[in-house]
Amino acid sequence: MILIMGIAGSGKGTQGKLLADKYGYHLLSTGDLVRKYATEKQRERMLSGDLLADDEIIAMVDECLRSLPDDKEVIFDGFPRTIPQAQWLLDQVKAGRIDLKKTFHLIASREAVKDRLKYRARDDDVDHAIEQRFEEYAKSTAPILNWLKDQNVDVVEIKAEQSVEKVHQDIISNLK
Ligand code: ADP
């Protein structure tokens, strides 16, 4: 399993897809799962840029993992986003259900990604929801990176303001 972390618009989905296509890995995007399967209430939270409850997201991820062959390599985009989610994931690693190959942290400034998000123009890419996702990232998700390092997980920092192709190359060279 490979984790891709980074603020909204840092390129997690784009890079995850390139990697999945190149190596035949399964891309598990919790954002896509939410957009597809959310209840009306969950959809409201998503549209305002708030996180869904940990147990709801974990149930979706768990079900998705169950549906995949045991030996399938998985790339996570948008998960874990909180310490309890990260704890659950590392518990799965400890139980031998999945292995953790690498964690990539795509580093980009808020200013640099704002334009990308406007251009993407998804339902939740409106100013207040974008700001809220940035806030959630700073509060709930960024602390995971240090937490993972404390658990001896290898976190690779990637300069995500470079071109899509260059970021892709940087990721690949760290996977070899
Ligand atoms: P972005 O591209 O802004 O990082 P995503 O597509 O990953 O956004 O996620 C969109 C929304 O889906 C989030 O704002 C949140 O409401 C919900 N979501 C996705 N992943 C998670 C998660 N791991 N925990 C809680 N909520 C999540």
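Colleague: In which loop is Pro80 found?

Modeller: Pro80 is found in the loop between β3 (74–77) and α5 (83–94). Helices (H or I, at least four residues) and strands (E, at least two) are DSSP runs, numbered from the N terminus. Please note that this is a predicted model, in which local features need pLDDT of at least 70, side-chain atom pairs count only at pLDDT 80 or more, and totals for chains, interfaces and linings use all residues. Residues are numbered from 1 along each chain as its sequence is written, and side-chain values use heavy atoms, with hydrogens and water left out.

Colleague: What joins Phe79 and Pro80?

Modeller: A cis peptide bond joins Phe79 and Pro80, with omega about 0°.

Colleague: How many helices and strands are there in the protein, and what pattern does the protein follow along the sequence?

Modeller: The protein has eight helices and five strands. Their order along the sequence is β-α-β-α-α-α-β-α-β-α-α-β-α.

Colleague: Why is the protein called as compact as a globular protein of that length?

Modeller: The radius of gyration, taken over C-alpha atoms, is compared with the globule rule, 2.2 Å times the number of residues to the power 0.38. The protein has a radius of gyration of 15 Å, close to the 16 Å that the rule gives for 176 residues, so it is as compact as a globular protein of that length. Its C-alpha trace spans about 40 × 35 × 30 Å along the principal axes.

Colleague: Why is Asp124 called buried, and what does Asp124 touch?

Modeller: Buried means under 20% relative accessible area, exposed over 50%, and partly exposed in between (1.4 Å probe, protein chains only). Asp124 has a relative accessible area of 3%, and is therefore buried. Asp124 lies in the loop between α6 and α7. Not counting residues up to four places away in sequence, Asp124 touches Arg35, Met46, Leu47, Ala129, Ile130 and Arg133, where contact means heavy atoms within 4.5 Å. Of the 176 residues of the protein, 48% count as buried.

Colleague: Is Ala121 buried or exposed, and what makes its phi worth a remark?

Modeller: With 52% relative accessibility, Ala121 counts as exposed. Ala121 is not a glycine, yet has a positive phi of about 50°. Its place is the loop between α6 (110–120) and α7.

Colleague: What is phi of Asn152, and why is Asn152 called exposed?

Modeller: Phi of Asn152 is near 65°, a positive value in a residue other than glycine. Asn152 has a relative accessible area of 73%, and so is exposed. Asn152 is found in the loop between α7 and β5 (155–159).

Colleague: Which residues of the largest nonpolar core touch the most other members?

Modeller: A nonpolar core is a set of buried Ala, Val, Leu, Ile, Met, Phe, Trp, Tyr and Cys residues joined through side-chain atoms within 4.5 Å. The largest such core has 51 residues, of which Leu28, Val61, Leu65, Phe76, Phe79, Leu89 and Leu148 touch the most other members. Helix α7 (residues 127–150) gives the most to this core, with seven residues. Leaving aside neighbours within four places in sequence, Phe76 is in contact with Met1, Ile2, Leu3, Ile4, Leu28, Val61, Leu65 and Leu89. In soluble globular proteins, nonpolar side chains tend to be buried together.

Colleague: Why does Trp147 count as buried, and with which residues is Trp147 in contact?

Modeller: Trp147 has 16% relative accessibility, and therefore counts as buried. Trp147 is placed in helix α7. Leaving aside neighbours within four places in sequence, Trp147 is in contact with Ile83, Ala86, Gln87 and Leu90.

Colleague: Why does Met60 count as buried, and why does Asp55 count as exposed?

Modeller: Met60 is found in helix α4, as is Asp55, the helix covering residues 54–66. Met60 counts as buried because its relative accessibility is 16%. Asp55 counts as exposed because its relative accessibility is 57%. Met60 touches Leu33, Val34, Gln42 and Leu52, not counting residues up to four places away in sequence.
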